[in-house]
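These are my notebook entries on side-chain contacts.

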Amino acid sequence: QVQLVESGGGLVQAGGSLRLSCAASGRTFSTYAMGWFRQAPGQEREFVAAIRWSGSITYYTDSVKGRFTISRDNAKNMVYLQMNSLKPGDTAVYYCAAATTNPYSFPRTYYSGSSYGYWGQGTQVTVSS
């Protein structure tokens, strides 16, 4: 069982930066691949970024490549999403999630919400123009 709590959201002007944090409970946190998803009003939830258990492999959706960076600190049970050069289109509720899919299939399924069995409550990010 893993419990996830996001923080760090807020209101920022376009071009600004925010760092989201996700605190995870559970002694086995380091064995989970982790992901960030977001959902804007009236839109479906979409994949943003993911990171393998070791932190050595990361994945990003095209729209955030070069602007967002996902990282993790297994000693602290934390996952982060550094968001730079924010755009109004990044406005959404951001969710942290822990993957429960087969680790061998994760490279093919990291972008799918169905690969993640634990979710946080979300944190709002609003980017003004």
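**Entry 1: salt bridges**

I began with Glu 46 and Arg 38, whose side chains meet in a salt bridge with 2.6 Å from N to O. I counted a salt bridge where a side-chain nitrogen of Lys or Arg is within 4 Å of a carboxyl oxygen of Asp or Glu. By this rule I found 4 salt bridges.

I note that the model is a predicted one, in which local features need pLDDT of at least 70 and side-chain atom pairs count only at pLDDT 80 or more, while totals for chains, interfaces and linings use all residues. Residues are numbered from 1 along each chain as its sequence is written, and side-chain values use heavy atoms, with hydrogens and water left out.

Next I looked up accessibility, where buried means under 20% relative accessible area, exposed over 50%, and partly exposed in between (1.4 Å probe, protein chains only). Arg 38 is buried at 5%, whereas Glu 46 is partly exposed at 33%.

Arg 38 also meets Asp 90 in a salt bridge (2.9 Å, N to O). I located Asp 90 in the loop between strands E8 and E9 and Arg 38 in strand E4, so this pair links parts of the chain 52 residues apart. Strands (E, at least two residues) and helices (H or I, at least four) are DSSP runs, numbered from the N terminus. Both Asp 90 and Arg 38 are buried. I recorded a network of salt bridges that links Arg 38, Glu 46, Arg 67 and Asp 90.

**Entry 2: aromatic rings**

I then searched the whole structure for aromatic pairs and found 11. Rings of Phe, Tyr and Trp (its six-membered ring) pair if their centres lie within 6.5 Å; planes under 30 degrees apart count as stacked, over 60 as edge-to-face and the rest as tilted. Phe 106 and Tyr 116 form an edge-to-face pair, with 6.1 Å between centres and 75° between planes. Because Phe 106 lies in helix H1 and Tyr 116 in strand E10, the pair ties together parts 10 residues apart in sequence. Phe 106 is buried, at 2%, and Tyr 116 is buried as well, at 5%.

**Entry 3: a loop residue**

Where does Ser 105 lie? I found Ser 105 in the loop between strand E9 and helix H1. Ser 105 counts as buried because its relative accessibility is 13%.
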